[in-house]
Amino acid sequence: MHNGLHLNSFKHLCDEGNINIMPAPDVLRLSLQQHSDTALHPCVQQGETVAMGQVIAKPDSTLGAWLHAPVSGRIHAINDKSGDREIVITNDHHDRRAATCMPYPDWQTWSSPELIDHLAKGGIAGLGGAVYSTGAKISAHLKHRIETVIINGMECEPFITCDDHLMREHATSILNGTQILLHASGAQNAIVAIEDDKPAAIHSMRDALQSLDDTRIQVRILPTRYPGGDEGQLTKQLLSREIPRGQLPSAIGVLTNNVATAHACAQWILKGEPLISRIVTVTGHGIHQPFNAEIRIGTACKDIIAFCGGYGDDIVTLIMGGSMMGKALRNDNDTISKASNCLIAATDIDISPAYIEQPCIRCAECANACPANLLPQQLLMHLRNHNINAAVELGLRDCIECGCCDAVCPSHIMLASRFRAAKLQLHHQ
């Protein structure tokens, strides 16, 4: 792997025990902005009774993933205005299942387009990244011939262990989902990539693969280094191929999905369970009982914190996502979405202290750490001079926002946040 960092690990906080099942709360609030680019539009009315798994919102474009009711109950409110667009459901605690939620054990007889369409209708989305609809992602990649499906089990963020525990406890389901993705994409082989700091997950996946006896799938172990789970880095490590600038991995015959996405594919196709919950790592020294839990989409952070015993005395901030790429929340009313893989109740032990930025000393430590092989100090100079076009020419769009440059900067310059803001500006333009 090119550059990157060895980071201090906090995975031990959530390394033991099994995945908990969190009971659904009385009220769930589901954001209509599950994906950053695509808004969803409600297909239910206020006051309507809904069943668990019933479709409640659909996207305008193929990029977005369908949204389903995570519980049975009543549509309490639909806030479809700009800002916090959401559907509020009051839970009747009966979990009455929608009639449309049914398994399809004969999926191998389906054509690729039929399977792709059904994955879209199950709300299956990328659970390790941008939350694109999995069906739409496969369709976009089929413009090229897909040779290899990569199932990403790297999980390189210092606090997150949800994928690790998923591989330990649901290895067979992940492999079944991999078979579904192979069939949908037409690929001939698949690689499940796991970092070498997850021995229990490696053992579980290898045992499940031996029982499955599918020679198209292999498990590969890679060194632990952040951000090894990045799609570009992973492809380069496994296949010695580089994704061309501005193109999808399909340009080199690759389709990448997270292990949680593969699991969700199997749950939908084989059990008729759409994506209405996900496994979340709830961790940090600011809560009493860190753990991994399966949590319904739309559950408020405050309900999750209460389920883990409440806050400790020294909490500083609440972070949605990992410590490197996550976002500090304004309050604990925010809810779990399909993209939420981690919630960190952070104390001073968990996060770096706030420093005053100093002038750049041109030490090039950021360039030495950048896994995308960029020159962050040069990008910063152009952005400070309001020359975004020059920054684009130097590869601004190729920044993966991993935060390695921030971690090594002796002047404590927040480079990644500036690059993120500039890329957002380009997106709006």
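Me: At what angle do helix α4 and helix α5 pack, and how far apart are their axes?
Reply: Helix α4 (residues 171-185) packs against helix α5 (residues 199-212) at an angle of about 60°, and their axes are 8 Å apart. The axes are lines fitted to C-alpha atoms, for helices over the stretch in contact, and the angles run from 0 to 180 degrees between N-to-C directions. The elements themselves are DSSP runs numbered from the N terminus: helices are H or I runs of at least four residues, and strands are E runs of at least two.

Me: What sort of model is this?
Reply: This is a predicted model, in which local features need pLDDT of at least 70, side-chain atom pairs count only at pLDDT 80 or more, and totals for chains, interfaces and linings use all residues. Residues are numbered from 1 along each chain as its sequence is written, and side-chain values use heavy atoms, with hydrogens and water left out.

Me: Back to the helices. Are α4 and α5 oblique or parallel to each other?
Reply: With that angle, α4 and α5 are therefore oblique to each other. Angles under 35 degrees count as roughly parallel, over 145 as roughly antiparallel, 65 to 115 as roughly perpendicular, and the rest as oblique.

Me: And is the crossing left-handed or right-handed?
Reply: The crossing of α4 and α5 is right-handed. A crossing has this name if the near helix is turned clockwise from the far one by less than a right angle, and it is left-handed if the turn is anticlockwise.

Me: Which residues meet there?
Reply: From α4, Ala171, Thr172, Ile174, Leu175, Asn176 and Gln179 meet Ser204, Met205, Ala208, Leu209 and Leu212 of α5. Contact here means heavy atoms within 4.5 Å. The residues of this contact divide into seven nonpolar, four polar and no charged. In this scheme Ala, Val, Leu, Ile, Met, Phe, Trp, Tyr, Cys and Pro count as nonpolar, Asp, Glu, Lys and Arg as charged, and the others, Gly among them, as polar.

Me: What about α3: how many of its residues are buried?
Reply: In helix α3 (residues 162-169), six of the eight residues are buried, so α3 is largely enclosed by the rest of the structure. Buried means under 20% relative accessible area, exposed means over 50%, and partly exposed lies in between (1.4 Å probe, protein chains only). The buried residues of α3 are Cys162, Asp163, Asp164, His165, Leu166 and Met167.

Me: Which residues of α3 and α7 meet?
Reply: Asp163, Leu166 and Met167 of α3 meet Val259, Ala260 and His263 of α7. By class, the contact has four nonpolar, one polar and one charged residues. Helix α7 (residues 259-271) packs with α3 at about 45°, with the axes 9 Å apart, and the crossing is left-handed.

Me: New topic, strands. Is β13 buried or exposed?
Reply: Seven of the seven residues of strand β13 (residues 277-283) are buried, so β13 is largely enclosed by the rest of the structure. Both of its faces are covered, with Ser277, Ile279, Thr281 and Thr283 on one side and Arg278, Val280 and Val282 on the other.

Me: Which way do β13 and its partner β14 run?
Reply: β13 pairs with strand β14 (residues 291-296) in the antiparallel sense over six bridges. Two strands pair if DSSP finds at least two bridges between them. Ile279 has Glu294 in β14 as its bridge partner. β13 is also joined to strand β17 (residues 342-346) by three bridges, and these two run parallel. There, Thr283 has Ile344 as its bridge partner.

Me: What is the strand order in the open sheet of four strands?
Reply: The order is β2-β8-β7-β4, with antiparallel pairing. The edges are β2 (27-31) and β4 (49-50), each with a single partner strand, so one side of each is left without a neighbour in the sheet.

Me: Last one. Where does a cis peptide bond occur?
Reply: A cis peptide bond joins Tyr226 and Pro227, with omega about 0°. Pro227 is in the loop between β11 (217-222) and α6 (231-239). Most residues other than glycine have a negative phi, and most peptide bonds are trans.

Me: What is the phi of Glu401?
Reply: The phi of Glu401 is near 60°, a positive value in a residue other than glycine. Glu401 lies in the loop between α11 (388-393) and α12 (404-408), and at 17% relative accessibility it counts as buried. His93 also has a phi near 60°, whereas His93 is partly exposed, with a relative accessible area of 48%.
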